[in-house]
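Please read the following report alongside the sequence and the coordinates.

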Amino acid sequence: MIELKVNGEVRAVDVASDTPLLWVVRETLGLTGTKFGCGMAQCGACTLHLDGEAVRSCVTPISRAAGKEVTTIEGLPEEVRGPLQRAWIAEDVPQCGYCQSGQIMAAAVLLRENPKPTDADIDDGMTGNICRCGTYLRIRKAIHRAAGGGA
């Protein structure tokens, strides 16, 4: 059994130590907000927080998460998630929506570390989170909106 804290709740899972964290979150724990994208840490759809840091859960073995705090999109605190979601809606960011949970998880870390990012800061912070619909300019606007409290 491997024990980890997911969205504030201690959970014990009986999986192989090399099982990707993404599969544990989605398949074992049933938290499907985190998406499978490329499976190679290249697209960011599977981004979640491990001890507050954005990680690609598709390549993170569950053994790395043992005893740590895992936060998925479902567990992102309202004071963080709310402004980002409202900004995403105000800027019409989602199209297909598949990458959005990973984008919001990455944006949450970006804004925690840099509450007033420039365009370049946003571009750097969001590198590796791919949107197949190409909504990067709207994502940038939404992050500025969330940072400014205009969400």
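The report below treats the overall build, the packing of helices, and several residues in turn.

This is a predicted model, in which local features need pLDDT of at least 70 and side-chain atom pairs count only at pLDDT 80 or more, while totals for chains, interfaces and linings use all residues. Residues are numbered from 1 along each chain as its sequence is written, and side-chain values use heavy atoms, with hydrogens and water left out.

## Overall build

The chain holds six helices and five strands, where helices (H or I, at least four residues) and strands (E, at least two) are DSSP runs numbered from the N terminus. Read from the N terminus on, these elements follow the order β-β-α-β-β-α-β-α-α-α-α. The radius of gyration of the chain is 15 Å, close to the 15 Å that the globule rule gives for 151 residues, so the chain is as compact as a globular protein of that length; the radius is taken over C-alpha atoms, and the rule is 2.2 Å times the number of residues to the power 0.38. Along its principal axes, the C-alpha trace spans about 45 × 30 × 25 Å.

Of the 151 residues, 43% count as buried, a class that means under 20% relative accessible area, with exposed meaning over 50% and partly exposed lying in between (1.4 Å probe, protein chains only). Among contacts (heavy atoms within 4.5 Å) between residues at least 6 apart in sequence, 58% join residues at least 24 apart.

## Helix α1 and its surroundings

Helix α1, residues 21–28, has L21, L22, V24, V25 and R26 as its buried residues. These buried residues pack against β1, β2, β3, α2 (62–65) and β5 (69–71). Just after α1, G30 takes a positive phi of about 75°.

## Helix α3 and its two partners

Two packed helices are described by the angle between their axes and the distance between the axes. Here axes are lines fitted to C-alpha atoms, for helices over the stretch in contact, and angles run from 0 to 180 degrees between N-to-C directions.

The axes of α3 (residues 78–90) and α6 (residues 136–147) come within 8 Å and cross at roughly 135°. The two helices are therefore oblique to each other, given that angles under 35 degrees count as roughly parallel, over 145 as roughly antiparallel, 65 to 115 as roughly perpendicular and the rest as oblique. The crossing of α3 and α6 is right-handed; a crossing has this hand if the near helix is turned clockwise from the far one by less than a right angle, and is left-handed if anticlockwise. On the α3 side P83, L84, A87, W88 and A90 take part, and they meet I139, A142, I143, R145 and A146 in α6. By class, this contact has nine nonpolar, no polar and one charged residues, where Ala, Val, Leu, Ile, Met, Phe, Trp, Tyr, Cys and Pro count as nonpolar, Asp, Glu, Lys and Arg as charged, and the others, Gly among them, as polar.

With helix α4 (residues 100–113), the axis of α3 comes within 10 Å and crosses at roughly 120°. That angle makes α3 oblique to α4, and the crossing of this pair is right-handed. The contact is formed by V80, L84, Q85 and W88 of α3 together with Q100, Q103, I104, A107, A108 and L111 of α4. Its residues divide into seven nonpolar, three polar and no charged.

## Individual residues

| Residue | Relative accessibility | Class |
|---|---|---|
| N7 | 27% | partly exposed |
| D51 | 45% | partly exposed |
| R86 | 42% | partly exposed |
| D123 | 37% | partly exposed |
| T135 | 1% | buried |

N7, in the loop between β1 (2–6) and β2 (9–13), has a positive phi of about 50° although it is not a glycine. D51 is placed in the loop between β3 (47–50) and β4 (53–56), and its phi is near 50°, a positive value in a residue other than glycine.

T135 sits in the loop between α5 (119–125) and α6, and it touches V93 and Q95 when residues up to four places away in sequence are not counted. D123 belongs to helix α5; D123 and L137 are 14 residues apart in sequence and 9.7 Å apart in space, C-alpha to C-alpha. R86 lies in helix α3, and its C-alpha atom is separated by 38 Å from that of S17, 69 residues apart along the chain.
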